[in-house]
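Welcome, and thanks for taking a look at this one with us. Below is a short briefing to read alongside the coordinates.

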Amino acid sequence: MENFFRNVIADIGINDVLDILIVAFLIYKLLGFIRETRAEQLAKGLLVFMLLLLGSYWLDLYAVHWILSSVMTVGLVALVIIFQPELRRGLEYMGRSKISRVFSQVDKEEAKHIIGEFVRAIESMSASRTGALIVIEREIQLNDIIETGTVIDAQISDQMIGNIFYEGAPLHDGALIVRGDRLRAAGCVLPLTQNKALGKELGTRHRAGIGITENSDALTLIVSEETGVISIAQNGKLTRFLDIKTVEKTLLNTYFEKETVNPVKEKLSRALKGVKNVKE
């Protein structure tokens with residue numbers, strides 16, 4: 001046994017280690033994506049289905065195995081249609097680049113000024129119960145959403161935001177899209193969430209605010225017109241009854257998001273360096 005393990009270890013080369021690290025990294029990212037979306041339930045369902053399929057094969061249940069095999073053929077096409085938003089988000093997630101981060105174009109002092117304007121606008125609209133829906137674009141660009149509204153390309157200020165959402169203003173019913181340090185477009189139409197677990201007290205504004213975060217990595221600020229309650233939606237989840245300090249903290253985390261070193265990425269990087277050194 002000792003000789004067996006010694007021979008196995010001796011046969012492992014740098015390419016094998018690199019291969020294992022790449023597969024581990026891909027599995028890690030796939031599991032992370034599954035946890036963030038409805039794909040978690042999909043993964044559990046597929047696992048149970050595969051176990052039933054294998055069980056019917058091993059137990060020689062020919063009729064059951066034929067039915068399950070036929071269902072899988074049709075089911076794969078149906079899953080692509082049903083989970084189109086998750087698949088789109090996954091492909092966009094794979095294509096993201098930290099180099100293209102919008103916030104990298106905004107320096108710290110300008111970002112602090114922008115956050116201050118947002119905080120004053122949200123606080124004022126909450127006090128006056130002015131309904132608002134503000135979408136802050138992050139890495140995934142929202143060009144298709146911007147096209148549904150009116151491009152304004154204005155400087156961010158609490159007065160400008162207040163004017164846009166003032167009741168009776170032409171663009172107050174739609175969403176305001178923020179790109180970097182500019183108010184890019186207003187009166188935009190957002191996709192509504194299909195989450196059936198949401199409370200019936202949530203109206204179209206909140207459902208639209210959640211919907212855009214299910215299809216992108218945007219952050220949405222929502223002010224209720226009926227109650228003045230402040231909410232934030234991100235990653236398809238809604239957090240309600242926020243105070244202005246929490247809003248400010250969330251915006252600070254958004255604009256000054258720190259880069260974290262992924263341990264798998266770090267190991268992969270080291271392995272690549274090792275391969276490079278060996279070649280040299």
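In which strand is Ile-177 found? Ile-177 sits in strand 3, which covers residues 175-179. Please keep in mind that this is a predicted model.

**The chain as a whole**
- The protein chain holds eleven helices and seven strands.
- Of the 280 residues in the protein chain, 38% are buried.
- If you take the contacts between residues at least 6 apart in sequence, 63% of them join residues at least 24 apart.

- Is Ile-177 buried or exposed? Ile-177 counts as buried because its relative accessibility is 0%, and the cut-off for buried is under 20%.
- Beyond its neighbours within four places in sequence, Ile-177 has contacts that include Val-135, Leu-142, Ile-145 and Ile-146.
- Further along the sequence, the contact list of Ile-177 also includes Arg-182, Leu-183, Arg-184, Ala-185, Cys-188 and Leu-190.
- Ile-177 and Glu-137 lie 40 residues apart in sequence, with a C-alpha to C-alpha separation of 6.9 Å in space.

- Asp-217 belongs to the loop that links helix 9 (204-214) to strand 5 (219-223).
- With a relative accessible area of 8%, Asp-217 is buried, since the cut-off is under 20%.
- Which backbone nitrogen does the side chain of Asp-217 reach at 3.1 Å? That nitrogen is the one of Glu-139.
- The side chain of Asp-217 also reaches the backbone nitrogen of Ile-140, here at 3.2 Å.

**Helix 6 against helix 10**
- Two packed helices are described by the angle between their axes and the distance between those axes.
- For helix 6 (residues 108-127) and helix 10 (residues 244-255), the axes come within 10 Å and cross at roughly 150°.
- Helix 6 is therefore roughly antiparallel to helix 10, because angles over 145 degrees count as roughly antiparallel.
- The crossing of helix 6 and helix 10 is right-handed.
- On the side of helix 6, the contact is made by Ala-111, Ile-114, Ile-115, Phe-118, Val-119, Ile-122 and Glu-123.
- Helix 10 contributes Ile-244, Glu-248, Leu-251, Leu-252 and Tyr-255 to this contact.
- How many residues in the contact of helix 6 with helix 10 are nonpolar, polar and charged? The contact divides into ten nonpolar, no polar and two charged residues.

Technical notes
Residues are numbered from 1 along each chain as its sequence is written. This is a predicted model: local features need pLDDT of at least 70, side-chain atom pairs count only at pLDDT 80 or more; totals for chains, interfaces and linings use all residues. Side-chain values use heavy atoms; hydrogens and water are left out. Helices (H or I, at least four residues) and strands (E, at least two) are DSSP runs, numbered from the N terminus. Buried means under 20% relative accessible area, exposed over 50%, partly exposed in between (1.4 Å probe, protein chains only). A polar contact is a pair of N or O atoms within 3.5 Å; within protein, one must be able to donate a hydrogen and the other to accept it, and residues adjacent in sequence count only if both atoms are side-chain atoms. Axes are lines fitted to C-alpha atoms, for helices over the stretch in contact, and angles run from 0 to 180 degrees between N-to-C directions. Angles under 35 degrees count as roughly parallel, over 145 as roughly antiparallel, 65 to 115 as roughly perpendicular and the rest as oblique. A crossing is left-handed if the near helix is turned anticlockwise from the far one by less than a right angle, and right-handed if clockwise. Contact means heavy atoms within 4.5 Å. Ala, Val, Leu, Ile, Met, Phe, Trp, Tyr, Cys and Pro count as nonpolar, Asp, Glu, Lys and Arg as charged, and the others, Gly among them, as polar.
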